Structures are given as C-alpha cells and as structure tokens.
Amino acid sequence: MTCGTQSFQVAVGSDGSYTLDWAGASKLVTGEIITSSTWSEDSGDLTLHGGTFTDTAATTFANGGLYGRVYEIFNTVVTSTGRTDVWGMKLHFTHILKSAY
C-alpha cells in the first residue's frame, strides 16, 4: 500500500469528495481500465460513503474526523487485466467548521 502525494486540508465536520486519478498518476498501463473500486480507512473516526469510479479514476466522500489528526484513506481497485492495486491519500483535519448560526 502506498499513500499518494495528494494531501488535503480538511475542516472537521465537513463532507468532502476525494478523487484518485489512477491514469493521471501512471498507475494504469495503456488500455487498462478500472473494473471495481472500494475505499477504506482504519481509524473508525471517518465515514466513507458514495464511492464511484470511472475507467481511470475513483472518488469517495468522507465526513467526520478529529481536529489535528491526519488520516489515510485507501482505494483498492481491480483492473481489466485482473490486477489488484491499492493507493491512498492523506487528509489533514486542520480546523473546525464554523456554524452558520
């Protein structure tokens, strides 16, 4: 498992979308496409939901998280060649979302 170079500063309580571009990072060979995608994280502090994928990229939504924490989320894909690969990114929870009230 590798954690990608993508790193996001995230507000605690926000619900953001996060995408890994497998083709753009040269993690797919010519003609290879993503045929399935799942997301995971180990802390239990985040909720990952709404995972989708295209031929070349995978997206998830994450909410939750604790102030000051850095989380790693991982995307496992299976490709048209039968290959399984795992790649991830870091989410830095750097501030608290302010209420609109």
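**Notes on an all-strand predicted model**

1. To start in the sheet: T52 stands opposite T59 in β5. Two strands count as paired if DSSP finds at least two bridges between them. The strands themselves are DSSP runs of E with at least two residues, and helices are runs of H or I with at least four residues; both are numbered from the N terminus.

2. A word on the ground rules. This is a predicted model, in which local features need pLDDT of at least 70 and side-chain atom pairs count only at pLDDT 80 or more, while totals for chains, interfaces and linings use all residues. Residues are numbered from 1 along each chain as its sequence is written, and side-chain values use heavy atoms, with hydrogens and water left out.

3. The overall layout is quick to describe. The chain has 7 strands and 0 helices, giving the pattern β-β-β-β-β-β-β along the sequence. Of its 101 residues, 33% count as buried, where buried means under 20% relative accessible area, exposed over 50%, and partly exposed in between (1.4 Å probe, protein chains only). A contact here means heavy atoms within 4.5 Å. Among contacts between residues at least 6 apart in sequence, 65% join residues at least 24 apart.

4. Back to the sheet of the opening point. Three strands form an open sheet in the order β2-β5-β4, with antiparallel pairing. β2 and β4 (46-53) stand at the edges with a single partner strand each, so one side of each is left without a neighbour in the sheet. On average, neighbouring strands of this sheet are turned by 25° against each other, direction ignored; the axes behind that angle are lines fitted to C-alpha atoms (for helices over the stretch in contact), and angles run from 0 to 180 degrees between N-to-C directions.

5. The pairings can be followed residue by residue. A hairpin of 3 residues joins β4 to β5.

6. The largest nonpolar core has 17 residues, and Y18, W22, I73, M89 and L91 have the most contacts inside it. The elements that give two or more residues to this core are β2, β3, β5 (57-64), β6 (70-79) and β7. β7 gives the most, with 4 residues. Such a core is a set of buried Ala, Val, Leu, Ile, Met, Phe, Trp, Tyr and Cys residues joined through side-chain atoms within 4.5 Å.

7. Setting aside neighbours within four places in sequence, I73 is in contact with Y18, W39, S40, E41, L46, L48, T60, W87, G88, M89 and L91. M89 lies in strand β7 and counts as buried at 0% relative accessibility. M89 and Y18 are 71 residues apart in sequence, and their C-alpha atoms are 8.8 Å apart in space.

8. The structure holds 1 aromatic pair. W22 and W87 form it, edge-to-face, at 5.3 Å centre to centre with 75° between the planes. W22 lies in the loop between β2 (15-21) and β3 (34-41) and W87 in strand β7 (residues 84-96), so the pair ties together parts that are 65 residues apart in sequence. Both W22 and W87 are buried. For reference, rings of Phe, Tyr and Trp (its six-membered ring) pair if their centres lie within 6.5 Å; planes under 30 degrees apart count as stacked, over 60 as edge-to-face and the rest as tilted.

9. N75 brings polar atoms into the picture. This residue is in strand β6 and, at 0% relative accessibility, counts as buried. Its side chain makes a polar contact with the side chain of W22 (2.9 Å) and reaches the backbone oxygen of T38 at 3.1 Å. A polar contact is a pair of N or O atoms within 3.5 Å; within protein, one must be able to donate a hydrogen and the other to accept it, and residues adjacent in sequence count only if both atoms are side-chain atoms. Leaving aside neighbours within four places in sequence, the residues in contact with N75 include L20, S37, A58, D85 and W87.

10. One backbone detail to finish. Most residues other than glycine have a negative phi. S26 has a positive phi of about 60° although it is not a glycine. S26 sits in the loop between β2 and β3 and is exposed, with a relative accessible area of 64%.
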